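Subject: Handover of a structure and the findings

Dear colleague,

Please find below the structure that I am handing over to you. I would be grateful if you would read the notes that follow with the structure open beside them.

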Amino acid sequence: MELTTSAGRRRWLWTAGIAVLALVAATITWIATGRGDDDVPAASPTVSATPSEEQMLAAVDTVLKTRASAVLTGQLSQYLQNVDPANQQLRQRDQQVFANLRKLGLARLSYQVDTNWAPEPQEQHGPSARALRVLMQLQVAGIDATPRATSLGYTFAERDGRWLLVDDDDLAAESDLNAYREPWDLGAIEVARRPGVLVVVPAAERRNGERLARESQLAFPTVRAITRRTQAGILVIAMADSRSMSAEWRTGGHPAAAVAVRNFAPANPEASEFEVTGSRVVINPDQRTKAGRLLLAHEFTHAAMEPLGDRAPSWLVEGLAMYVENELAARNGYREELADQRRELLREKIPALVVLPIDGVFHGDYDEDSYGVSWVIVEYLVTKYGQRTVNALYADLARGPDDPAVREQVLRKHLKVGETALVAALKKS
Ligand SMILES: [Zn+2]
């Protein structure tokens with residue numbers, strides 16, 4: 001909330017580029033092309049899924065379906081019935097995850113074995129044990145428009161003719177599974193609900209959750225008025241555990257204060273391609289008790305614009321988020337501070353501008369003024385051309401491609417001037 005102490009607060013990164021579901025790293029799948037093809041003889045070497053693997057997968061699928069329905073109907077004993085009775089730590093973790101998922105309030109939940117990955121033997125759990133990549137898809141009621149996917153590593157083993165879940169962290173070292181953890185995997189959670197928002201916090205921090213939910217309510221009207229976009233709701237994650245945030249979510253050489261993270265869901269049944277279905281906001285644990293309506297307004301703006309595509313230039317993406325944030329700040333008594341900032345930028349930074357701030361500047365060791373400069377540019381555009389035109393420009397640029405010639409063409413289409421003339425006009429203003 002305080003602009004005067006906001007040096008750290010402004011270091012936000014709109015990062016969505018991390019392939020959350022590690023498709024790139026996918027190993028050779030055991031599903032050869034001949035699988036399911038009746039013409040292929042049973043002994044064909046091209047069929048690499050052995051009968052026992054087929055049996056395992058069928059059994060695992062049943063276990064996963066049982067667990068999903070147990071969560072949705074609130075049956076803890078059913079959720080645990082296929083968990084190794086000998087692994088008490090796993091059972092305790094699982095019980096906590098169950099309680100957490102119940103707290104979230106799920107409209108839908110499903111698990112499927114990710115067959116793009118080869119099952120990995122885990123001898124320490126016995127000869128039959130295999131670690132599998134599992135796609136968990138969940139939809140938070142009233143928040144997500146559709147389910148989003150997240151990856152798990154589950155180890156299953158046959159015990160007395162039954163396939164049991166025997167471990168959940170044998171693949172934990174894999175870089176994508178290790179990048180960040182979902183909040184329900186990080187101990188007991190508490191949630192705070194308000195229209196259009198669900199805030200997830202550690203169990204001991206309910207008051208901070210309620211505070212963030214209230215702050216969200218104060219951010220929404222400005223976000224909606226400017227973006228002219230609405231969404232069902234947004235999940236805000238404000239955990240104390242540093243694992244809730246990826247180390248990759250950095251900007252200017254240090255961790256971001258908060259990030260609007262894209263939600264992905266499989267775009268085809270085999271889950272070999274993914275599409276963006278929305279965004280959630282993850283607040284840096286360091287900032288979770290300081291974050292307020294301004295930071296939330298900034299990230300909610302990113303989330304609201306996200307469905308338009310990811311090709312808009314950073315100056316517009318960050319400039320619009322800063323514009324929303326600062327409009328809200330102006331309504332909250334910070335008009336003078338903003339005027340000072342604007343004056344300073346117009347005096348010291350804008351005259352040095354040759355081109356619009358380039359994308360790379362925002363994601364490297366940038367100088368922090370890029371955000372301020374982008375704010376001034378967007379404010380100028382809104383004042384001169386109106387919000388409707390700025391939003392139409394955004395939508396067109398977001399669609400891409402992010403080719404300089406195309407961007408120039410789109411600028412001319414909406415503003416009747418190209419980049420050079422725009423920068424010159426901005427300097428004169
Ligand atoms: Zn941002």
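The crossing of helices α5 and α6 is right-handed. Please note that this is a predicted model. In general, a pair of packed helices is described by the angle between the axes and by the distance between them. Here, the axes of α5 (residues 206-227) and α6 (residues 293-305) come within 8 Å and cross at roughly 50°. Angles under 35 degrees would count as roughly parallel and those from 65 to 115 as roughly perpendicular; α5 and α6 are therefore oblique to each other.

Rolling a probe the size of a water molecule over the atoms shows where empty space is left. Three cavities of 30 Å³ or more are present in the structure, and the largest cavity holds about 80 Å³ of space. Which elements give two or more residues to the lining of the largest cavity? They are α5 and α6, the two helices whose crossing is right-handed. The largest share of this lining, three residues, is supplied by α5. Among the residues that line the largest cavity are F220, V223, R224, F300 and A304. By class, the lining of this cavity has four nonpolar, four polar and two charged residues.

The largest pocket contains about 660 Å³ of space. Its lining is formed by 31 residues, of which L152, D168, L177, R181 and D185 are the closest to the centre of the pocket. Two or more lining residues are given by each of α3 (88-104), β4 (148-159) and α4 (175-179). The lining of the largest pocket divides into 15 nonpolar, seven polar and nine charged residues.

Most residues other than glycine have a negative phi, and most peptide bonds are trans. D160 is not a glycine, yet it has a positive phi of about 55°. D160 is placed in the loop between β4 and β5 (162-167). The peptide bond from G400 to P401 is cis, with omega near 0°. P401 is found in the loop between α10 (387-399) and α11 (404-415).

Yours sincerely,

A colleague

Notes: Residues numbered from 1 in each chain as written. Predicted model: local features only at pLDDT ≥ 70, side-chain atom pairs only at ≥ 80, totals over all residues. Heavy atoms only, no water. 1 Å grid on protein atoms, 1.4 Å probe; cavity = no way out; pocket = protein on both sides within 12 Å on 5 of 7 lines; lining within 4 Å. Points joined across faces, edges and corners; volume = space filled by probe spheres on them. Helix = DSSP H or I, 4+ residues; strand = E, 2+ residues; numbered from the N terminus. Nonpolar A, V, L, I, M, F, W, Y, C, P; charged D, E, K, R; others polar. Axes fitted to C-alpha atoms, helices over the stretch in contact; angles between N-to-C directions. Parallel < 35°, antiparallel > 145°, perpendicular 65-115°, else oblique. Left-handed = near helix turned anticlockwise from the far one by under 90°.
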